[in-house]
Amino acid sequence: MNIERVITDIIEKNPHIAAIIVDRDGIIRFINDTYLKALQLPIDEVIGQDIRKITPYSRTMKAIETGRPHLAYNWSIHGRQGVACSVPLFENDEIIGAFAYSIFLDIWDQKLRNQVLNGIISNKEPYQEGFKTRYSFDSLIGKDPGFVNLKCVAQNIAYHDNVTVLITGESGTGKELFAQAIHEGSNRRAFPFVRVNCASIPHNLMESELFGYEEGAYTGARRGGKAGKLELAHNGTVFLDEIGELPLSMQSKLLIFLQERELERLGSNRPIRVNVRIIAATNRNLEKMMHEDKFREDLYYRLNVIRIEVPPLRLRKGDIPLLVQHFMANINQKLCLSIEQISDQAMELLMQHSWPGNVRELENVIERGMILADLEDMSVLMPRHLSFSPVQDSPQWDEEAEDDSREIKDLKTLVSEFEKKVILQVLRDTKGDKIQAAKYLNINLSSLYRKTKKYNLDI
Ligand SMILES: Nc1ncnc2c1ncn2[C@@H]1O[C@H](COP(=O)(O)OP(=O)(O)O)[C@@H](O)[C@H]1O
Ligand SMILES: [Mg+2]
């Protein structure tokens, strides 16, 4: 594959993306066909011109002035709505210009638009790369007494930097935040925090990932061998995420390491002493797995020295306003938005939701809502900006955890909740047109009015 050509094709000829490159003075050096078409200008009236003259509302000059990218901002040209990103370009630490690209949103197809927005949302930096943490105890937001108490327990454990910790709780409750905060609060903070996601490493690679290998251990093994994650974390913390997914064979090897605190790289018999604290996390019910012989009992007791059970968001709903405020401030900064408020009705909707995806879901709902509000040039988050993804959309949602801890509701409540969701969705799809919505739902108009009133759904 000719990578350079593919890249050129993507930038030069892609009919969906408008791309432009300017130098540090804002003079346009490159522009692709899509952008020219949108501008409705011939190329010789653009190249060599100042971008401020051609597109006065672009934030590209700001990216050059501040040296920071402006991501996913609302941008329109000749009535076409787009989402644009302006990224500064560096050479030897010096700004030499900027690259900007935008995707047009005259795709008012709900599904496509969501895909675009999701793409923007999931574009987060991978912080594990440098084995550093991003969070400390200050990042753990919550006033709920149980939650505050849990934070205190975790803070105390942090000081004892050899104690193994097991963190349990549903997906999205903040288990990883707790793990990072414990590392940050410990004397190990100057050393690596290494995360191992036991669910995402293929079984046949798991051993070399964790324990490393020696040169010549197998065909294709790297010259000089390679240290495993445990060795890399020496003096620091190893965070074994999704420990419930660790295959049984690896469970025994991990157990031996926890007992001996020594490991041998694959293909070597030279023991290496490694000093690490283990923090494991799972959204599975390990006790149940143990009784089903899917999790080793001896390993369970080794890990379960100190247990932190992070509560689901639906059991600390009082923290929702605080979390919303926190996320809005963060997201405004991250995406250069200025959505300052949330309407009472929107907050009401958030308080009513059951949050199967917990704090992670709340953060996503807010982020997505803020982008939509920004596209409408609003500075207040309204109910129509909030959409809750169906449960199966959350990839880490674990069915077993659901069985164990889901709030039990009576049939009537469940039916009403479902009815409300369906009506809301249809009203959104028909942009509030009740006649069309009633037809769609196959009910008569007066009963639709009654129901929208009952559920407070006036859009
Ligand atoms: N108490 C909290 N305060 C602030 N943010 C939180 C809190 N709990 C979770 N989050 C946010 O939710 C997201 C998911 O948290 P994470 O620790 O990855 O969950 P888990 O590991 O339990 O699935 C994180 O991106 C984090 O920003
Ligand atoms: Mg996690």
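Trainee: What accessible surface does the protein have, and what share of it belongs to carbon and sulfur atoms?

Mentor: Keep in mind that this is a predicted model, so everything here is computed from it. The accessible surface of the protein comes to about 24,800 Å². Carbon and sulfur atoms account for 50% of that surface.

Trainee: And what percentage of the residues is buried?

Mentor: The cut-off for buried is under 20% relative accessible area. The protein has 459 residues, with 19 helices and 16 strands among its elements. The buried share of those residues is 46%.

Trainee: On to the ligand. Which residues come nearest to ligand 1?

Mentor: There are 19 residues around ligand 1. By class, eight are nonpolar, five polar and six charged. Coming nearest are Ile141, Gly172, Lys175, Glu176 and Arg360.

Trainee: Helix 7 came up already. How many of its ten residues are buried?

Mentor: Helix 7 is mostly covered. Lys175 and Glu176 are among its buried residues, as are Phe178 and His183. The buried residues pack against helix 6 (145–159), strand 6, strand 7 (193–197), strand 10 (237–241), strand 13 (277–282) and strand 14 (306–309). The count of buried residues in helix 7 is eight.

Trainee: Is Thr168 buried or exposed?

Mentor: Thr168 is found in strand 6 (residues 165–168). Beyond its neighbours within four places in sequence, Thr168 is in contact with Lys175, Thr282, Arg307, Ile308, Glu309 and Val310. Its relative accessibility is 7%, so Thr168 counts as buried.

Trainee: How does Tyr218 count, and at what relative accessibility?

Mentor: Tyr218 is in the loop between strand 8 (212–213) and strand 9 (226–227). Leaving aside neighbours within four places in sequence, Tyr218 is in contact with Ser208 and Tyr213. Because its relative accessibility is 37%, Tyr218 counts as partly exposed.

Trainee: Now the backbone. What is the phi of Asn92?

Mentor: Most residues other than glycine have a negative phi. Asn92 lies in the loop between strand 4 (80–91) and strand 5 (94–104), and counts as exposed at 73% relative accessibility. Although Asn92 is not a glycine, its phi is positive, at about 45°.

Trainee: Glu242 has a positive phi too. Is Glu242 buried or exposed?

Mentor: Glu242 lies in the loop between strand 10 and helix 10 (248–260), with a phi of about 55°. Its relative accessible area is 12%, so Glu242 is buried.

How values were computed
Residues numbered from 1 in each chain as written. Chains lettered and ligands numbered in written order. Predicted model: local features only at pLDDT ≥ 70, side-chain atom pairs only at ≥ 80, totals over all residues. Heavy atoms only, no water. Near = heavy atom within 4 Å. Nonpolar A, V, L, I, M, F, W, Y, C, P; charged D, E, K, R; others polar. Helix = DSSP H or I, 4+ residues; strand = E, 2+ residues; numbered from the N terminus. Buried < 20%, exposed > 50% of the residue type's maximum accessible area, 1.4 Å probe, protein only. Contact = heavy atoms within 4.5 Å. Areas by Shrake-Rupley, 256 points an atom, 1.4 Å probe, with all protein chains shown as cover.
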